[in-house]
Amino acid sequence: MRVKNFKLEANLDQFRLTIVGVNEMFLPSFAVLRTRNLDEARDAVAQRYCDHRLNLVRGRQVDVSHNHVRGSHVSLNLLGYGGDVAIDPGELQDFYLLQIPLTGAARIAHRQEEVDATPECATILNPDRPTKMEWRHDCTKLMMQIDAAFLHRVARESTDAPLPGQIRFAPKVDLTRDQGQFLKRMAITSAQAFEAGTLPPVSQDLQLMATEREIALALLHHQPNNMSHLFAAAPPPMTPRSIRRALDFIHGHFSESIRLDDIAKATGQHPRTLQIGFRRALGKSPMAYLRDLRLDTAKFHLSRRQIRPRISDVAYDCGFSHLGRFSRDFRARFGQTPSDWNGG
């Protein structure tokens with residue numbers, strides 16, 4: 001069960017697209033709405049975002065297309081209204097929203113600033129500031145929705161200190177500059193990974209958890225915000241190569257009795273540096289990662305239906321030396337005891 005090395009990379013040259021090409025390219029397997037009814041569109045979009053007002057500005061009809069996939073703390077959406085519409089969501093309250101126009105244009109009013117959003121200029125909306133938008137009929141956006149509580153937790157772990165208040169991003173994201181291009185590649189590649197099945201939208205999947213933290217850290221470090229000085233002053237993180245070396249060691253020795261010092265020695269890192277690096281990259285300590293990997297592996301083996309293995313054999317083979325602790329941890333992670341799972 002080796003975690004694949006997921007890289008947020010993509011080629012921007014391929015994204016000069018028509019609206020039809022966008023719908024075919026981004027998350028077609030996750031289509032949730034196709035309608036020409038404005039009320040139906042309002043209700044369906046509100047279920048995945050928040051209550052909002054949606055009105056036609058010109059014309060008599062919309063042609064709404066919405067693809068949506070949800071992870072644990074981040075969701076990706078492809079949305080186009082196919083008509084000139086005005087949208088008033090007020091305050092988003094519990095999430096941030098990165099909106100990347102792939103075709104067409106929109107005007108966004110947020111934080112007393114107006115932004116003309118185009119394929120060269122994206123926007124990010126803050127949860128505690130009101131927003132009003134006008135989308136043109138040819139506007140289709142790839143949008144990344146990030147839970148505010150999750151983003152703040154990642155920020156606190158990144159700085160290893162309490163935050164002085166709410167994080168607020170500058171609304172304008174310049175997609176012609178390196179930092180904006182990185183955020184666009186991040187969103188595009190995440191959408192492609194969901195569509196290809198290499199990034200599963202399954203709660204507590206280790207790869208999904210690592211990717212969502214990478215997304216949050218990318219926003220904190222690449223988009224100007226009121227706490228950018230804190231993130232710039234934070235100690236440098238472990239390199240991806242060091243994290244990869246630690247993961248390789250854990251995956252290669254998870255069935256053995258290994259300790260934090262063993263992982264640190266294998267990666268050439270101080271144990272404290274290793275702990276901070278794992279929390280920043282994966283949201284958990286190295287030993288918590290090891291425990292979850294052992295549990296995931298045990299669950300996989302207990303899922304065998306033809307030849308049912310003995311629970312004690314699975315526990316010992318996966319590195320657990322105490323059956324009571326194994327049963328307790330298994331229930332905490334999966335909501336069932338090993339015997340319940342094995343007998344189902």
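The legends below accompany several close-up views of a predicted model.

**Figure 1. The chain as a whole.** The predicted chain holds 13 helices and 12 strands. Of its 344 residues, 50% count as buried. Among the contacts in the chain with a separation of 6 or more, 73% join residues 24 or more positions apart. The chain exposes about 16500 Å², and carbon and sulfur atoms supply 48% of that area.

**Figure 2. An open sheet of five strands.** The strands of this open sheet follow the order β2-β5-β10-β7-β8, and their pairing is antiparallel. At the edges lie β2 (53–56) and β8 (113–117), each of which pairs on one side only. From one strand to the next, the twist averages 15 degrees. Strands of a sheet pair through backbone hydrogen bonds, in either a parallel or an antiparallel manner. Within this sheet, strand β5 (residues 85–90) and strand β10 (residues 131–135) form an antiparallel pair over four bridges. In this pair, Ile-87 stands opposite Met-133 in β10.

**Figure 3. Ala-106 in strand β7.** Ala-106 belongs to strand β7 (residues 106–110). Is Ala-106 buried or exposed? Its relative accessible area is 6%, and a residue counts as buried under 20%, so Ala-106 is buried. Ala-106 and Asp-116 are 10 residues apart in sequence, and their C-alpha atoms are 6.0 Å apart in space. Leaving aside residues up to four places away in sequence, Ala-106 touches Val-115, Asp-116, Ala-117, Glu-134, Trp-135, Cys-139 and Lys-141.

**Figure 4. Strand β9 and its two partners.** Strand β9 (residues 121–125) is mostly covered, with five of its five residues buried. Which residues point each way from β9? Cys-121, Thr-123 and Leu-125 point one way, whereas Ala-122 and Ile-124 point the other way. Strand β9 pairs with strand β6 (residues 95–103) in the antiparallel sense over three bridges, and Leu-97 stands opposite Leu-125 in β9. Strand β9 also pairs with strand β12 (residues 172–174), again in the antiparallel sense and over three bridges. Here Cys-121 stands opposite Asp-174 in β12.

**Figure 5. Asn-77 and its polar contacts.** Asn-77 lies in strand β4 (residues 74–80). The relative accessibility of Asn-77 is 0%, and for this reason Asn-77 counts as buried. With which side chains does the side chain of Asn-77 make a polar contact? One is the side chain of His-68, at 2.6 Å, and another is the side chain of Ser-75, at 3.3 Å. When residues up to four places away in sequence are not counted, the residues that Asn-77 touches include Leu-27, Tyr-49, His-66, Asn-67 and His-68. Asn-77 also touches Lys-141, Leu-142, Met-143 and Gln-145.

**Figure 6. Helix α2, its cover and its cap.** The buried residues of helix α2 (residues 38–48) are Leu-38, Ala-41, Ala-44, Val-45 and Ala-46. What covers these buried residues of α2? Their cover includes the strands β1 (31–35), β2, β3 (64–70) and β4. The N-terminal end of α2 is capped by Asn-37. In this cap, a side-chain oxygen of Asn-37 lies 3.0 Å from the backbone nitrogen of Asp-39.

How values were computed: Residues are numbered from 1 along each chain as its sequence is written. This is a predicted model: local features need pLDDT of at least 70, side-chain atom pairs count only at pLDDT 80 or more; totals for chains, interfaces and linings use all residues. Side-chain values use heavy atoms; hydrogens and water are left out. Buried means under 20% relative accessible area, exposed over 50%, partly exposed in between (1.4 Å probe, protein chains only). Helices (H or I, at least four residues) and strands (E, at least two) are DSSP runs, numbered from the N terminus. Two strands pair if DSSP finds at least two bridges between them. A polar contact is a pair of N or O atoms within 3.5 Å; within protein, one must be able to donate a hydrogen and the other to accept it, and residues adjacent in sequence count only if both atoms are side-chain atoms. Contact means heavy atoms within 4.5 Å. Axes are lines fitted to C-alpha atoms, for helices over the stretch in contact, and angles run from 0 to 180 degrees between N-to-C directions. Accessible areas come from the Shrake-Rupley method with a 1.4 Å probe; for residues, only the protein chains shown count as cover.
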